[in-house]
Amino acid sequence: MENCLFCKIASGEIQSKKAYESKNILAFHDITPQAPFHVLIIPKTHISSMNQIGDLDPEILKEILQSIPKIADENGIAEKGYRVVNNCGNFGGQTVNHIHFHLLGGRHMKWPPG
Ligand code: AMP
Ligand code: ZN
């Protein structure tokens with residue numbers, strides 16, 4: 001997808017600090033971390049938002065979900081716990097229109113979110 005920031009990060013055209021990578025997915029550190037540990041997990045193929053999740057190969061969705069405890073464990077946040085967030089659309093607070101899952105940890109999270 002042309003002019004998509006996260007497609008450019010997925011292809012390596014724009015640099016990122018990688019936390020995990022496979023053929024189909026990439027996890028990289030958020031440029032404006034909201035917690036001591038904050039990475040974004042994306043499919044390398046362009047899917048705009050949760051509303052289009054049906055277009056994502058279920059195997060890739062499974063890979064994204066299964067990468068979460070792996071990344072958490074590798075970064076020492078699994079035991080204490082963490083939060084996984086998807087912002088969808090305007091009201092959801094989505095600012096980059098390539099689906100991504102925030103993995104946040106290293107501090108106690110509040111509920112409800114703002
Ligand atoms: P959202 O608001 O849920 O769409 O999340 C988009 C996230 O992308 C925000 O947390 C931004 O800080 C993050 N972000 C924007 N540009 C970059 C970038 N070049 N590298 C890493 N993270 C980015
Ligand atoms: Zn994209």
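Modeller: Let me begin with the term polar contact, which stands for a pair of N or O atoms within 3.5 Å. Please keep in mind throughout that this is a predicted model.

Colleague: What makes histidine 100 a polar contact of ligand 1?

Modeller: A polar side-chain atom of histidine 100 lies 2.9 Å from an oxygen atom of ligand 1, and because the cut-off is 3.5 Å, the pair counts as a polar contact. Aspartate 30 also qualifies, since a polar atom of its side chain is 2.5 Å from a ligand oxygen atom. With glycine 93 it is a polar backbone atom that takes part, 3.1 Å from an oxygen atom of ligand 1.

Colleague: How much of the accessible area of ligand 1 does the protein cover?

Modeller: On its own, ligand 1 has 510 Å² of accessible area, of which the protein covers 83%.

Colleague: Why do you say that ligand 1 sits in a pocket?

Modeller: The word "sits" requires that more than half of the atoms of the molecule lie within 2 Å of the grid points of the pocket; ligand 1 is assigned on that basis to the second largest pocket.

Colleague: Which residues come nearest to ligand 1, and how many are around it?

Modeller: There are 16 residues around ligand 1, and Asp30, Asn87, Thr95, His100 and His102 come nearest. By type, the shell divides into seven nonpolar residues, eight polar ones and one charged one. The elements α1 (5-11) and β2 (25-29) each supply at least two residues of this shell, and the largest share, three residues, comes from α1.

Colleague: How do you know that the size of the protein chain agrees with a compact globule?

Modeller: For 114 residues a compact globule would have a radius of gyration near 13 Å, and because the protein chain has 14 Å, the two agree. The chain holds three helices and five strands, in the order α-β-β-β-α-β-α-β along the sequence.

Note on methods. Residues are numbered from 1 along each chain as its sequence is written. Chains are lettered from A and ligands numbered from 1 in the order in which they are written. This is a predicted model: local features need pLDDT of at least 70, side-chain atom pairs count only at pLDDT 80 or more; totals for chains, interfaces and linings use all residues. Side-chain values use heavy atoms; hydrogens and water are left out. A residue is near a molecule or strand if one of its heavy atoms lies within 4 Å of it. A polar contact is a pair of N or O atoms within 3.5 Å; within protein, one must be able to donate a hydrogen and the other to accept it, and residues adjacent in sequence count only if both atoms are side-chain atoms. Accessible areas come from the Shrake-Rupley method with a 1.4 Å probe; for residues, only the protein chains shown count as cover. On a 1 Å grid over the protein atoms alone, a cavity is a set of points where a 1.4 Å probe fits but cannot get out, and a pocket is an open set with protein on both sides within 12 Å along at least five of seven lines; lining residues have an atom within 4 Å of a point. Helices (H or I, at least four residues) and strands (E, at least two) are DSSP runs, numbered from the N terminus. Ala, Val, Leu, Ile, Met, Phe, Trp, Tyr, Cys and Pro count as nonpolar, Asp, Glu, Lys and Arg as charged, and the others, Gly among them, as polar. The radius of gyration is taken over C-alpha atoms; the globule rule is 2.2 Å times the number of residues to the power 0.38.
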